[in-house]
Each structure stands twice: as C-alpha cells, then as structure tokens.
Amino acid sequence: MTDIDLRSDTVTLPSSGMREAMANAPLGDDVYGEDPMVNKLESELAVRLGFAEALFVPTGTMSNLLALMAHCGRGEEYIVGQQAHTYKYEGGGAAVLGSIQPQPLEVQADGSLDLDQVAAAIKPDDFHFARTRLLALENTMQGKVLPLEYLAAASRLTREHGLGLHLDGARLYNASVKLGVDAGDITRHFDSVSVCLSKGLGAPVGSVLCGAADFIGRARRLRKMVGGGLRQAGQLAAAGLYALDHQVERLLDDHDHAQLLAEGLRAGGYEVEPVQTNMVYAQLGERAQALKIFAGERGIKLSAAPRLRMVTHMDVSRQQIEQVISVLTEFNQQ
Ligand SMILES: *Cc1c(COP(=O)(O)O)cnc(C)c1O
C-alpha cells in the first residue's frame, strides 16, 4: 500500500511529464547568467506576474529573506502577521542576517491583517523608533484567500505611508484558481512577490522572487551572499516551467478533495474549520498523537497537532481521500 501523506503539499514527487522536461533541459552556469531554463523561468514568471524581473532561488525561505533584506536595511522594520511564515517559520532569518526588526500583528480570522492596526503600528519619523519600511502579507494564509479589494486597500495604505508591500505567495496559485482570476490580478497590488514551485505546483525544488529591476538586482547580490547562487540549475527551472504550464489548473482538484475531506470528517464527528483551498484544519485536542499513530499504522501520514492541518495535493487521489475519511471515522468511533 502506498502511503497517503497529508502533512504538506511539499511532499509531491515530479510527474512523468515533469521528469522528462527536467531530463531534456539545456544547461548552463546560472551564476554567469547562462542557464537557458533559469533565464526562461525568470523572464516568463516576471511577465506573467507583471514585474520587470525575477530571481530563481532554492527555497521560499531564502526568497522571503532576500525580499526583506532588499526592502529593509539594518535597524529598519517590517510589519507582519504573528502567524506568518516570514515571521514564525523562517528561523528569525531577517533579524539574524538582516538586522531587521519585525513588528508582528495578530492575524484576523480571514487571514488578513487589520489595516487600521497596520496604520497604527507604522512608526513616526522620530529617532527613538526603528524606521518602518515594509508590510508583508501572505496569500493564501493557512489556506485562506485574501480578497482583491483588501489587497487594493493594503496597497493604497502602504503607498500613502511610503512603505513597500511584499507578498509571501508560496501558494499564490491556490489563491488565483480559487478566485478564478489571473495570478497577475493578485500580484499587481504588490512591490514584490515570492512564489513557491515546490508546494502544490509539484516541482521538487525552487521558488521565484519577482520585483522591480533595482530590487531584483539587490536580491541577486544577497542571494550570492547567503550561498544561494546555483550553477547548472536548469533542470530545476525546467520543472518549475513545466509546473506553471501544466499543473496550475489542477489545483482545483486539490481544493475539491479538501472540501470532500472536510465534509467526510464532519460527518464522522470531527470539528473541522471551513475550507477554502487545499488545507483542512480539524480540532483534535489531546487525541492528536494517538490519531497520528492510528493513521500511520494504516498507511496515512499525519502531523500530530491539537489543531491538525491536513493538506491535499497532486499525489493524493479522490479515492485515497475516501480512505482517509474512513480510517479517521473509525478512530473517532472506537
Ligand atoms: C513553504 C512556505 C514558505 C517557504 O518554504 P521553504 O520550505 O523554505 O521553501 C514560505 N511561506 C509559506 C507561507 C510557506 O508555506
């Protein structure tokens, strides 16, 4: 029996079409700017998302770090969600490596930051304070999609106050297919965007940072500094290009599977939060560890968290979702 892995959408393996595209990729040294597929991926994604330039990087964490460091100098500040990846899950990189101070704010129930709270957190120009330079949002935020009107309002606010606006768009395409809009309709509100190819899009490795030419120039220098300059990276870029061409629309299947999973678990007696995209959150409380073991013995990989996150992706079929529902229902009835 093959494992059903719901811990994250990072666990996807390259499809056969993707492996073929990777095997056939022409290669060159990207630090010299000579890898054809990296150049193609960067220019294509920049165009699609409405930016002048883009930069291929190994991880989303590096992409966000380079963005924060390219927007903010030493002793400057970014406003960010208390639960945001850039603040909570990136090892404090912006503080350690960039000497950038975070100003975290509680994330609202819909995944947004309250813009009145953001405005109140922007520090006046006074030598007592760090200089506030940037607002960083995340979309999707724990599976929740930020409305386009909200993004427009955030953009107006940051412009009024002379701040930059960065999007951690690790799951940008989950948001765009959910809204039924071009990804560019989301990204046009931002000064910079980081997109993960290695999540639901199904590439094995890689993220892309997009922005203005001078911004990407600074990020490229920083990428070299932190050791992220890759050489013949074209096979990875080819996987990313393949994902963008063939594996975006199918994210809707993952969203359907997440709805199915949520409904099935509710019917099985679980308390499940409303689902928008490919993440299902269930309240397990103290039973989290026992469920992880029970499911693991039946070929289902779960995390062990009181608020359990299950993530659907291209390597989990509808039939496997039905299997998960039946195993978890059985657990709840014992
Ligand atoms: C996964 C993720 C990242 C980057 O993760 P890496 O594992 O470093 O590629 C950034 N932001 C969010 C919201 C993510 O889910």
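Colleague: Is Ser99 buried, partly exposed or exposed?
Modeller: Start with the cut-offs: buried is under 20% relative accessible area, exposed is over 50%, and partly exposed is in between (1.4 Å probe, protein chains only). The relative accessible area of Ser99 is 31%. That makes Ser99 partly exposed.

Colleague: What pLDDT do local features need here?
Modeller: Residues are numbered from 1 along each chain as its sequence is written, and side-chain values use heavy atoms, leaving out hydrogens and water. This is a predicted model: totals for chains, interfaces and linings use all residues, side-chain atom pairs count only at pLDDT 80 or more, and local features need pLDDT of at least 70.

Colleague: Where is Ser99 found?
Modeller: Its backbone has a positive phi near 50°, in a residue other than glycine. Helices (H or I, at least four residues) and strands (E, at least two) are DSSP runs, numbered from the N terminus. Ser99 is in the loop between helix H5 (93–98) and strand E4 (101–105).

Colleague: What is the phi of Gln142?
Modeller: Gln142 sits in the loop between E5 and H7. At 25% relative accessibility, Gln142 is partly exposed. Its phi is positive, though the residue is not glycine, and lies near 50°.

Colleague: Which side chain does the side chain of Ser15 contact?
Modeller: Ser15 is in the loop between strand E1 (4–5) and helix H1 (16–23). Ser15 counts as buried because its relative accessibility is 18%. A polar contact is a pair of N or O atoms within 3.5 Å; within protein, one must be able to donate a hydrogen and the other to accept it, and residues adjacent in sequence count only if both atoms are side-chain atoms. At 2.9 Å, the partner of Ser15 is the side chain of Gln247.

Colleague: How far is Glu263 from Pro274, C-alpha to C-alpha?
Modeller: Glu263 belongs to helix H12 (residues 251–267). With 47% relative accessible area, Glu263 is partly exposed. Pro274 is eleven residues away in sequence, and in space the distance is 9.6 Å.

Colleague: Is Tyr281 buried or exposed?
Modeller: Tyr281 is part of strand E10 (residues 279–283). Relative accessibility is 8%, so Tyr281 counts as buried.

Colleague: How much of the ligand does the protein bury?
Modeller: A polar side-chain atom of Thr61 is 2.5 Å from a ligand oxygen, and a backbone N or O atom of Gly60 is 2.8 Å from one. An N or O atom in the side chain of Arg171 lies 2.9 Å from a ligand oxygen. Alone, the ligand exposes 380 Å² (Shrake-Rupley method, 1.4 Å probe). The protein buries 82%.
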